[in-house]
Amino acid sequence: MKPDNTIVPVASAMVGGPKLVLCGGPCSVEDRDQILASARAVKAAGGQLLRGGAYKPRTSPYAFQGLAVDGLKLLEEARAETGLGIVTEAIDVETFDLVERVADCIQIGARNMQNFSLLRRAGRARKPVLLKRGMSSTLEELLMAAEYILSEGNYHVILCERGVRTFADHTRNTLDLSVVPAVQALSHLPIIVDPSHGTGKRDKVHPMALAAVAAGASGLIVEVHPSPDRALSDGFQSLYPGQFTALAADCRALWDLLRERKNATL
Ligand code: PEP
Ligand code: MN
């Protein structure tokens, strides 16, 4: 019903605007050195946003669950030093306020895409929301989940494709890039792509990030860790800082080329 595309401001980034938005950082905030090293790497690569979970939705209750409030404090420190905007996940209504206070953008994870009480709470937040597609959700279900947030009055919603479950086992998930133009045909909301969870394999992240830009994504959210082999979560899909620098440069080059060609034909 809204003719113009929505641009969502997150700190200095304009998601859905004229520049490619790059968000990088570890899966989880682990300690001060780790998050500060990650933030510096993302900043040096030209990224605008820092990701990192302080509350983690883990498959096993015995796995690292995040540093909670201490993690949020470390994210604030990283923002103060680098100026990067913070994207961090809220996993439940109970801890939502704490996350909302610190985040520049509140992530709702794939496992919570249809947690309707959490979506309604996000709709009452005064911060933008990054809504990740559920791992077995249709486009219709993703857009209706976004409606839960919009219908409470929060119009700053960013959609995110992060891979869906299929029979394929050469990757952790199957990155469904066709959802990008499909969303753009139906919705005014911007969509970004997560090639890290979308593939689960470090060596697949760079090519699929480029493919996401080619498909028309407004941005990328990528896991980056100063020493992925020691990561407490998702190390196998996390890039080394140098790899993120290369990804950022290539994706920006492709973005600029496509924009130049589009502007030339206008
Ligand atoms: C994450 O971003 O680290 C994460 C848990 O993502 P998803 O909800 O897409 O699995
Ligand atoms: Mn992760």
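1. No disulfides: the structure holds zero of them. A disulfide here is a pair of cysteine sulfur atoms within 2.5 Å. This is a predicted model, in which local features need pLDDT of at least 70, side-chain atom pairs count only at pLDDT 80 or more, and totals for chains, interfaces and linings use all residues. Residues are numbered from 1 along each chain as its sequence is written, chains are lettered from A and ligands numbered from 1 in the order in which they are written, and side-chain values use heavy atoms, with hydrogens and water left out.

2. C105 has 2% relative accessibility, so it counts as buried. Buried means under 20% relative accessible area, exposed over 50%, partly exposed in between (1.4 Å probe, protein chains only).

3. Which protein atoms hold the manganese ion (ligand 2)? The donors are C27 (SG), H197 (NE2), E223 (OE) and D234 (OD), at 2.0 to 2.3 Å. Donors are N, O and S atoms within 2.8 Å of the metal (3.2 Å for Na, K and Ca); water is not among the atoms, so sites may look incomplete.

4. Along the chain, the manganese donors follow the spacing C-x169-H-x25-E-x10-D. H197 in helix α7 (residues 195-199) and E223 in strand β10 (residues 219-223) link distant parts of the chain, 26 residues apart. Helices (H or I, at least four residues) and strands (E, at least two) are DSSP runs, numbered from the N terminus. H197 and E223 are both buried.

5. Ligand 1 has C27, H197 and E223 among the residues around it, along with others including R51, K56, K132 and R162. The cut-off is a heavy atom within 4 Å.

6. Helix α6 (residues 179-186) buries V179, V180 and V183. Seen down the axis, these fall within an arc of 105°, so they line one face of the helix. The arc is that of the directions from the helix axis to the C-beta atoms. The buried residues pack against α5 (139-150), β8 (157-161), β9 (191-193) and α8 (202-215), with contact meaning heavy atoms within 4.5 Å.
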